[in-house]
Amino acid sequence: MKLSPCLIASEADRVAARLAELATQALVDEARLSPKPGLVDARGSGAHQDLTLALMERSAHSLTPVFHRLAIAGWQRPADSALRQEVGRIGREGEQRMMAATAGVNTHRGAIWAMGLLVTAVAIQGGNATPSSSCVLAAQLAQLPDHASPKVFSKGLRATQRYQVPGAREEAQQGFPHVMQRALPQLWHSRSQGASEPAAQIDALMAIMTTLSDTCVLSRGGLTALKAMQQGAAEVLHAGGYQHPAGQAALAKLEQRLLASNASPGGAADLLAAALFLDRATAR
């Protein structure tokens, strides 16, 4: 039986509302997760002078309507150039909304890019998606040009050019390998080993940090800080993860090294939030 347009629109709105709420909650949960080395968490502001947990949460909630619009825009549509232009426009308007909520502080620009693509990708599939299929569709969108995108150089883009490393754009275009190959497998493995949910999420963050060329860290601390981040995160996992005392000690050591470099792995945090969203919004 063919559904009426009204029923289709109602279903689209229902799923879009759910995806928007899941995306927002993933950002809030990432912000609250503690302890995170160099990052804003429930303990404090990490390496940041202009960020607080309350500001991060306010920013996340300001983006709920943006994620809803992205889900509606992508609902059962092909991942083509027309949708890419619409996603870019909504994303830029979302940045303005975020900046208004934070009085001009960049809290979630990277997250709008990653989460926005994934929310759209899940909606393309009518809400019936897997992490893998969603990342493939998000990559297809990310690979298309956004002709209206402003030609400005962010700190992250400057870092990718200076150090000749991939950044957030390439991560999306490659299908979010740090989400699919690092964060989600570690999250599921740590849970299966009896880790608490916060400990499993911290382990997932560490898994991302072991290999990510985090441009936030590069911008603040250069290659020395990046190598310290990658090595320190690997040491946490080699010690059994955050559920073990040795892993907790390794994380404390990593935090000291990042704070000494005034470095904060914001790129890894964005990808953790993306992983949490996919974990909740899709079927394995």
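I started with helix α6, residues 131-143. Its 13 residues reach 18 Å from first C-alpha to last, close to the 18 Å expected at 1.5 Å a residue. The expected span is 1.5 Å times one less than the number of residues. Helices here are DSSP runs (H or I, at least four residues), numbered from the N terminus.

The model is predicted: local features need pLDDT of at least 70, side-chain atom pairs count only at pLDDT 80 or more, and totals for chains, interfaces and linings use all residues. Residues are numbered from 1 along each chain as its sequence is written, and side-chain values use heavy atoms, with hydrogens and water left out.

Next I checked burial in α6. Buried residues (under 20% relative accessible area, 1.4 Å probe, protein chains only) include Pro131, Cys135, Leu137 and Leu141. The buried residues of α6 pack against α4, α5, α8, α9 and α13.

Then I took α5 with α13. They pack at about 20°, with axes 9 Å apart. That makes α5 roughly parallel to α13 (angles under 35 degrees). Axes are lines fitted to C-alpha atoms over the stretch in contact, and angles run from 0 to 180 degrees between N-to-C directions. In the contact (heavy atoms within 4.5 Å), Met115 and Leu118 are among the α5 residues, and Phe277 and Leu278 among those of α13.

The α10 side includes Leu205 and Ile208, and the α13 side includes Leu272 and Arg280.

Terms used:
Helix = DSSP H or I, 4+ residues; strand = E, 2+ residues; numbered from the N terminus. Buried < 20%, exposed > 50% of the residue type's maximum accessible area, 1.4 Å probe, protein only. Parallel < 35°, antiparallel > 145°, perpendicular 65-115°, else oblique.
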